[in-house]
Amino acid sequence: MASEAVYTHRDPMLKKRDDFEDILEERRNSSDLRYALRCYTPVLYKELTPCKASELKSMVLQSDQLHYVISQVCKETGMAADEVQVEAAAILEEMAHRLQLSTVRFFAFTLSKVFKTLFRSICVNEEGIQRLQQAIHEHPVVLLPSHRSYMDFLLMSYILYTYDLALPVIAAGMDFMSMKFVGEMLRMSGAFFIRRSFGGDKLYWAVFSEYVKTILKNGFAPVEFFLEGTRSRTCKSLTPKLGLLNIVMDPFLKGEVFDISLVPVSITYERVLEEALYARELLGVPKPKESTSGLFKARKVLSEDYGSIHVYFGQPVSVRSLAQKRVDRCQFNLIPRHIPRKPGADIHSFVNDSAYRLVRAQEENMVLKPWVLVVSLLLQNHHQNQVAGQKQGMALDELTEQAVWLRDLSRQYGAFLHWPDHVSPSEVVSSSLSLHRGLVRISEGWVQLASEQGGQTGPGEPRSAVPPEEELLNQAVITLSCASYRNQALHIFLRPALLASAIHTASSSNKQEVYNSFSFLRNMFSNEFILCPGATVQDFEEACFLLVKTGALQINQQEFVVTERGHRTLAFLTSILDPFLQGYQVVCRFLCEDATEALTEKQFVPAVRKFIIKHILTGRLRYIEVLSSDLQKNSLAALLRLGAVRKLKGGEEQGTLKVNKVMVNSLEDTLGGKLPTQKAVVARL
Amino acid sequence: MASNSSGGGSSDRQRIAQQRLSRIAGHLQRPADGSSAIVAAECKAQGSRADVPGEEKTVPRRRQEVMKWNGWGYSDSRFFFNKKGQAEFTGKRYRLSGLIIPGLKDWFEGTFGASLQHKTPATPILNSSAVQPPNLNEAFVEEVKSAGIPFSHDAEDRVFRAHGHCLHEIFALREGKFGRVPDLVVWPNCHNDVVKIVELACKHNVCLIPYGGGTSVSSALECPPEETRSIVSLDTSQMNRILWIDEKNLTAHVEAGIVGQDLERLLNESGYCTGHEPDSMEFSSLGGWVATRASGMKKNIYGNIEDLVVHVRMVTPQGVIEKGCQGPRMSTGPDVHHFIMGSEGTLGVVTEVTMKIRPMPEYQKYGSVVFPNFEQGVACLREVAKERCAPASIRLMDNEQFKFGHALKPQVSSIFTSFLDGLKKFYITKFKGFDPNRLCVATLLFEGDREKVLQHEKQVYDIAAKFGGLAAGEDNGQRGYMLTFVIAYLRDLGMDYYVIGESFETSVPWDRVLDICRNVKARIIRECKDKGVQFSPLSTCRVTQTYDAGACVYFYFAFNYRGLSDPVHVYEQVEHAAREEILANGGSLSHHHGVGKLRKEWMRETVSKVGMGMLKSVKDYVDPNNIFGNRNLL
């Protein structure tokens, strides 16, 4: 079953995907109450010995693993063993789920109501469900959904309940627990809560990892967590966090189970509930505090149309086949398995690679709506016109024509595009626009980005007396929201776009030169996008393959030649990456020109934001989306990784950033194509 | 070809002499004083005179007289399906002999998806012309002949010594295929003969491969195909005397060619035993045990071979190695015995061994315990080991193997017993609520004073009860042990119907026993599926030995190969994968089967690079010209 091919680089066109079924349809035609109360008999893991939540807890507390760590803690702190034991029990109490079928039924009922109001449809690939069912029967299962919304895990449990599948226990952040009542409700629907940071707390880590492993090993329930660690505010996949993946792989690596199935799940929202919230957050406008009433209070939310949701359960990935020929499991033979050990370098790189492959698998099965393409075009157009000083926006006809062109291109690149075939393109574009009417303005066949959230300022109206900075931020909310939709398509175009930009910046069209340039960009952006570590050559080849196959590029004796019709493709591709290129350059410039000696990591984002606002207002920078703190943080992370910036540890200067200006400067120039890649690469080394 | 062999004639003559000898009733020779000079003198006389009033020899020089050439064991003992489709076991040698086993057919067909309609009969007769003509070193042959040591280059004799009992070896024989076989077989009669042969081999640069009982399952007897020298198989089977028994120290000095059953029988006649009973003891030899570090079923009382051996004599190209005294333990640097034990014929030939002996036990009792599941069973064995109260033998079969054992129940003689069986089954499954698809059985063998045995028995059953175990009678226990002796015969039956299989073993720390059992069995099933095996294989295991720090686990694996073009290759791939799984789960490369050539590739990770270097340097010193060129181990 679980094939080795989690992700294949070769011809993406050949990807096979399952069909979707709308699960809300039945909800609209039959009683929600009966649905919530129906007989629920999921298929269970074949080697399961049933056990109550309380027994589970005592299994954890009595485990050798925990005993070992408790005795360690005793030795270190001088505390009495039973004291530490009590502490461990308290941690477990705070953490553990209390899955109750009655609560699940309650959610099944209320969520049915809510979903029907909010969404047009919730589409699920039923073949994926069947595969999942099989997987649950065969091996312990880990569910790995993408994370774009608070809805994600409720939605997951809802779907699994609908299909009579075993309900997962879900690793949730502690912040939920502070929402009284809701926290407890979530707990009773299978969530368990983990502290966001418990760096040095050995005991906490031991209880936590043992808890997860016990559930998994015995197959009590599928374990669900988010590889990305947190909700992606930008709709780009986030680089994976490895903590939990390390924990769930451990039972396999130590031979405690025969295999574990990892099931990537891709959840795509046509409209994300938290759309504007995210944009505000990225801009540093504080988000409203999480409270019980928070999410659903706004009646506005409930009255709006959020389109449809697509949930794609990917091919289960066998940890065993991932590890085959990668990990020498004999390394665990010489130390008792209950003694915790830091994973060695080989395990770390194995888990890291696996995590990337899994996030890529999530990306691949994300459904793209036409709107994603439309908004990409609108954003590009917006910036081009800004430069040219032309009238903002474009004609609907032209937009439609371009969208159709982009549709075909993205299909060739293997996008999982849901473009209704039986409807005329103009209708498709119009209906996309109308669903997102908060973000675009259409009048008399002319489309442009809304210039302000909520009330639109008509061209005739006089500019209100808002200070320019505030106006900019308002505009930025729209732009970032739009960018987040465009970002959904980024993974489709990323590799060809890196190649296009490499061709653009490379000093010659020689393949090696272009490769160097590609490799530089890819390295630079590996905190920004999902780029599997060590796969530069494959990525480069895939990009070449796609561009050559679609006739945009020819390779004649190690020389790249852009074809006549390739110019349009390459122009699109370079523009899609341009905001990031510019953004990273601005950050570099900030670090060279404006950063004080005592700049700390904490101060970095506000300072760089100020710098960028200044640049935008003076017209030196045209991409408003560079205001996204996500981009700023990612670029800093890249610079830290490359050693162009150092973070001081310890002492009074804790967290202070030390900038190697020569290197940052050279990186900026290379990004801008002013410096050949070779040098930058050398500088890096 | 065979007829023109000069050795053939001589061996014929010898055979007749042997047969005559064997009719002479007699007892064990009075203990000699063990001086090699005297032994040599006896030896010299042996060829023509009846100086050994020996027992009936189990293993004649011409093995083909009593044993199968292309299967396990005695020619007269085999399973077959009679006209009614019932399984029968022929011969008179075993408890099962002459009985009908009604359950076997259904189990066989149900487990393997095999059918009695689809037969794969073996080539009936050994076709000598298909055997490569011998590549003789004439000078060597001449000198062996003049030394009066029996030899033969008859094709049958050579083929018999070209293999052990690995699946691929037997499979090839059944198809009438022979690879590289030894060019000459020699039968030394005593230590000095061996010294002479080794000397001549060194002088003439021929390759020597020691051969004991031929029960190897590690490809240890396979002739290296790349060997260009003449290969001489040194068959120790005629060195089979007990040279003396020392009742004061409870030791016996025995020639290394003796097979297990003869050794026990002869010692029993004097009221002693060694207690060393490997499953292959009918055919395997003392020298073979030493060379592979064998383990016996009753090691809990008597110990494994390394515990039993007091003194060893081995002939190497550099001369004879032996210790100068018989002290029970020494602190004299690394124990040189440990270069000998496990050397797998790469350093020399073990010729004589002084072994511990024990008075024969007064009382023996079988027993068995049913557990609700394998986990509980393992937990019980672990507890028994912890309490250090393991009976002579304790083995835990998993559910599949329990069913297998059940299928081997001979036809019951009376309605009453079958009624009792039914009642027992009802009690266990219905009354006690054991799931028939999960329960498993431990078989027990107690030995010693009657009183102590009964006490011991109670202790073990009390522990078992703590883990939900129910005593399930002596009969089940005894049948469990019988299974080990007939399993190899059953493989031949399977091979008549497209079913091939094998067993392999490992040793593993206690905390990993359950994990290794589950993972290896699952791996076998998955690999079979991946390799296109149509019907899910039999993949089963049992825990056969307990130690303070771990256990020995035995896996049985067999499948129906219909539809596969190269079943042996598939088999080998699966076995290879299973071994990788064992190692990845903290199991050892082998508990007692040895490494041979089959498991060589994992030696380095097993003993580390330095360890390999140590072994290699010993080999280089002892046998610089690789006279003992079977290429096992390293």
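Q: Are B:F171 and B:Y561 buried or exposed?
A: B:F171 and B:Y561 are both buried, a word kept for residues under 20% relative accessible area, while exposed means over 50% and partly exposed covers what lies in between (1.4 Å probe, protein chains only). The model is predicted, and local features need pLDDT of at least 70 and side-chain atom pairs pLDDT 80 or more, whereas totals for chains, interfaces and linings use all residues. Residues are numbered from 1 along each chain as its sequence is written, chains are lettered from A and ligands numbered from 1 in the order in which they are written, and side-chain values use heavy atoms, with hydrogens and water left out.

Q: How many aromatic pairs are there over all chains, and what makes two rings a pair?
A: Rings of Phe, Tyr and Trp (its six-membered ring) pair if their centres lie within 6.5 Å; planes under 30 degrees apart count as stacked, over 60 as edge-to-face and the rest as tilted. By this rule there are 44 aromatic pairs over all chains.

Q: Why is the pair of A:F529 and A:F580 called edge-to-face?
A: The ring centres of A:F529 and A:F580 are 5.0 Å apart and the planes stand at 75°, which is over 60, so the pair is edge-to-face. A:F529 lies in the loop between α22 (511-524) and α23 (536-549) of chain A, and A:F580 in helix α24 (residues 566-594) of chain A, so the pair ties together parts that are 51 residues apart in sequence. Helices here are DSSP runs (H or I, at least four residues), as are strands (E, at least two), and they are numbered from the N terminus.

Q: What makes A:F529 and A:F580 count as buried?
A: A:F529 has a relative accessible area of 3%, and A:F580 has a relative accessibility of 3%; this value is under 20%, so each of them counts as buried.

Q: Why is the pair of B:F171 and B:Y561 also described as edge-to-face?
A: The rings of B:F171 and B:Y561 have their centres 5.7 Å apart and their planes at 70°, so the pair is edge-to-face. B:F171 belongs to helix α6 (residues 167-174) of chain B, while B:Y561 is in the loop between β21 (550-560) and α19 (567-584) of chain B, so this pair ties together parts that are 390 residues apart in sequence.

Q: What makes the contact between A:E76 and A:K202 a salt bridge?
A: A salt bridge is a side-chain nitrogen of Lys or Arg within 4 Å of a carboxyl oxygen of Asp or Glu, and the side chains of A:E76 and A:K202 meet at 2.6 Å, N to O. The pair links distant parts of the chain, with A:E76 in helix α4 (residues 64-77) of chain A and A:K202 in helix α11 (residues 202-218) of chain A, 126 residues apart.

Q: Why are A:E76 and A:K202 given separate labels for accessibility?
A: A:E76 has 54% relative accessibility and therefore counts as exposed, whereas A:K202 has 36% and therefore counts as partly exposed.

Q: How do you know that B:D235 and B:R161 form a salt bridge, and where do they lie?
A: The side chains of B:D235 and B:R161 meet at 2.6 Å, N to O. B:D235 lies in strand β7 (residues 231-235) of chain B and B:R161 in the loop between α5 (155-160) and α6 of chain B, so the pair ties together parts that are 74 residues apart in sequence. Both B:D235 and B:R161 are buried.

Q: Which residues do salt bridges with shared partners join into one network?
A: The network consists of A:R320, A:R329, B:R523, B:E527, B:K531 and B:E581.

Q: What places A:R320 over the ring of A:F258?
A: A charge sits over a ring if NZ of Lys or CZ of Arg is within 6 Å of the ring centre and within 35 degrees of the ring normal. A:R320 lies over the face of A:F258 at 3.8 Å from the ring centre, and B:R93 lies over the face of B:Y74 at 3.4 Å from the ring centre.

Q: Why is B:N249 called exposed?
A: B:N249 has 55% relative accessibility, which is over 50%, so it counts as exposed. B:N249 is placed in the loop between β8 (242-246) and β9 (251-255) of chain B.
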